[in-house]
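Visitor: I have a model here that I would like to walk through with you. Could you show it and take my questions one at a time?

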Amino acid sequence: MTVATTSAKAKGKAATSGRRTTRGAYLYLVPAFLVMGVITLYPLLYQVWMSFTDYGIQNLRAGSPAPAFVGIQNYVDVLASQLAIPNFNFVRLILYNIWWALSNVAIHVVLGVAIALLMHVKGLWFKRFYRALFILPVVIPPIIVATVWKNMYDPDYGAINQLLALLGGWFGISADVFQIDWLRQIEDPIPFIPLPLAFFAMLVTNTWLGWPLNAVVATGALQSIPNELYEAAEIDGAGPWQRFKTVTLTYLRPAMLPYAIYGFVITFNLFYLAYFMSAGGPFGRTELLVTQAYRLVNDQRLYGVGASFAVIMFFILLVITLATNRMARATRSYEDL
Amino acid sequence: MTATGASALRTRSRFSRPSMRRSRRGKPSLLRQALLQACAIGLLFTVMFPIIWVFSLSLDPLNRSRPDGLNLIPTNATLEAYRQVLEQPTNNPISFFGLALNSLKIAIGSSIISVGIGVTAAYAFSRLHFRGREVLMLAILGVLMLPAVATLTPLFVLLNQVQVDLPLVGEFNLRNSLLGVGLAIISGLLPFAIWNLKGYLDTIPHDLEEAAAVDGATGNQTFLRIILPLAVPALAVTAFLGFVSGWTEFYFSWMFLTKVEDETLAMALYSMQGQFTNTPWSLFSAFAILFAIPPAVVYFLAQRYITSGLAVGAVKG
């Protein structure tokens, strides 16, 4: 084959690149799909089969008998909270998990935007210094954040109680008041709100962890706003609040919304805090779907039930993903600004 | 090459229009500046407090099992905790470097493999046309949506079925090995690598490839000589994120591994902070700091690339 024909052929290919089907494409896909087929897709299908059996610890050993087929019994048990394990209530679990993700993301976004606005003030001293240090919570692995904060919430020697005692001392409050068992206290702190103290404690930790990235995204959006818009709004007689509403928020929304959705999914599945800090307590009330799934197989060794739980989780996440994608699409038109 | 890549990464961001010409308002008044500084310092305090607390705890002398108060530098400050942690952090006879080596094996192995085979698939999805492209990409997104815990049960059971009697090593159970944990991590990392790299490859202009095609480059040459070098920054970011998730991996290793010589850093950290153990807090803190430093330093230095990659990744979702 001569060089001329090759390049002519290539030219032709490039020209019609929109429609051509490349057989070589499959070669590029083979390694990834071989690996994914064996260690991702097959296990997921196997899990569906497992979810219809009573797979337990007795079926683990090589050569042990196959588990018995139990139909949809596992699903019924999970959905009706009929599992023989303590503190399992499926409805409460889902409601708490959704509330956990919603409340966290709302706080992260509002705080992130507020701090980005603060850091956006022209002429603020030490701006670069603050921005550099504010990113620190992001760079620490979450498993370490969770274990360190668990120590900080220790009722006797933890930093939080010591700090409160120090502050209380200035106002003459006895240090004995601050023996708060943040992560294990059984009574709800606010009588008419059915949320344990551990929820609020972890909310604080996750806020510490979550706002900096939101502030980074918001800062990027703020920097993209042309000053002319503010000037035009000012000429049109808009006050500071109106300028904020019509100009700043308009630009922030398309940037923050996809990020908020991403944050929602991440927080919904945030394993580390609920597992390491409260361990799901008190009475499993701060358990999330992911930590409950882990406990079912790691602690209880209920492999069949755990499989059905994971399948149910898949559908819950599917609904959430579809719903959030819809929301993202509804705001897509803003992105063309 | 790094510089080109860096600018390419930045152009992915929708926020990169440098339209600031001059400040809209003048400098804030002194009173306003003072108020703003008070807010910023308050924030800085909340951000730094846990970090300083752990740092000062790690300097606490070992003979006390609990801290006695809020001191930046405790009385009789010592680096003794670091020495002991490096030697043997938990009751298990394994040193910090032994633990770190296990975490390192898992992290490096899973991140290199997932990026290496992920990039060819990402190239196919981004540039080549083949039947079933949309369906396969959707399947990958579907898997990506699942948390790692979702594949825990079947992977445990399936890897546990791979038990062979090796001539030298003896009984080998794939589930109870670093290799098995690595495979479990790759199962979650690979879809992420494909999706993230595809997002980046989509932003590389087609002009270069067309020029290469005119010059007679084959598809493979285009991939190896044009696309791969341009994708180096994205490969590095994806590999780094994979490395961090392997370095701090907990659920699979905690459930799969039972042998002391396979223990990882994350497993040791969990057993050190358990409420029923009597690990002195200074040891725990020194361990947490040593554990966090490698990824934190890289993150901190390469922040600009990583956050822009992440933010855009989120937008693409």
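Predicted model: local features only at pLDDT ≥ 70, side-chain atom pairs only at ≥ 80, totals over all residues.

Visitor: Is A:F126 buried, partly exposed or exposed?

Guide: A residue needs 20 or more other C-beta atoms within 10 Å to be buried, and 12 or fewer to be exposed. A:F126 has 13 other C-beta atoms within 10 Å, so A:F126 is partly exposed.

Visitor: What is phi of A:F126 near?

Guide: A:F126 is a residue other than glycine, yet its phi is positive. The value is near 55 degrees.

Visitor: Let us go to A:F283. Where is A:F283 placed, and is A:F283 buried or exposed?

Guide: The place of A:F283 is the loop between helix 12 (271-278) and helix 13 (289-298) of chain A. Phi of A:F283 is near 55 degrees, again a positive value in a residue other than glycine. A:F283 has 12, so A:F283 is exposed.

Visitor: Which residues is A:I135 in contact with, leaving aside its neighbours within four places in sequence?

Guide: A:I135 sits in the loop between helix 5 and helix 6 (136-139) of chain A. A:I135 is partly exposed, with 18 other C-beta atoms within 10 Å. Once neighbours within four places in sequence are left aside, the contacts of A:I135 are A:P212 and B:Q303.

Visitor: How many residues of chain B are in contact with chain A, and which helix of chain B gives the most?

Guide: On the chain A side, 87 residues take part, and on the chain B side, 90. By class, the chain B side has 58 nonpolar, 23 polar and nine charged residues. With 14 residues, the element of chain B that gives the most is helix 2 (residues 30-58).

Visitor: Which residues have the most contacts inside the largest nonpolar core?

Guide: That core has 158 residues. B:I194, which is in this core, touches A:A32 as well as residues of chain B, including B:G118 and B:F125, not counting residues up to four places away in sequence. The residues with the most contacts inside the core are A:M256, B:I194 and B:A288.

Visitor: Where is the kink in helix 11 of chain A centred?

Guide: Helix 11 (residues 240-268) of chain A has 29 residues, and a straight helix of that kind would reach 42 Å at 1.5 Å a residue. Its end C-alpha atoms are only 36 Å apart. There is also a kink of about 40 degrees in this helix, and the kink is centred on A:L249.

Visitor: How far apart are the domain centres in chain A?

Guide: The assignment for chain A gives domain 1 (44-85 + 300-337) and domain 2 (92-290). Taken over C-alpha atoms, the centres of these two domains of chain A lie 30 Å apart.

Visitor: In chain B, how many residues of domain 1 are in contact with domain 2?

Guide: Chain B is divided into domain 1 (30-78) and domain 2 (81-316), and 33 Å separate their centres. The domain 2 side of the contact has 10 residues. On the domain 1 side, five residues are nonpolar, two polar and two charged. The count for domain 1 of chain B is nine.

Visitor: Is B:T90 buried or exposed?

Guide: B:T90 is found in the loop between helix 3 (80-87) and helix 4 (96-127) of chain B. B:T90 touches B:A268, B:S271 and B:M272, with residues up to four places away in sequence not counted. The cut-off for buried is 20 or more other C-beta atoms within 10 Å. B:T90 has 20, so B:T90 is buried.

Visitor: One last one: what share of the contacts in chain B between residues at least 6 apart in sequence join residues at least 24 apart?

Guide: The secondary structure of chain B comes to 14 helices and two strands. Of its 317 residues, 42% count as buried. As for contacts between residues at least 6 apart in sequence, the share in chain B that joins residues at least 24 apart is 73%.

Notes: Residues numbered from 1 in each chain as written. Chains lettered and ligands numbered in written order. Contact = placed C-beta atoms within 7 Å. Helix = DSSP H or I, 4+ residues; strand = E, 2+ residues; numbered from the N terminus. Nonpolar A, V, L, I, M, F, W, Y, C, P; charged D, E, K, R; others polar. Core = buried A, V, L, I, M, F, W, Y, C linked by C-beta atoms within 7 Å. Expected span 1.5 Å × (residues − 1). Bend = angle between axes of the 7 residues up to and from the residue. Domains from an automatic or database assignment.
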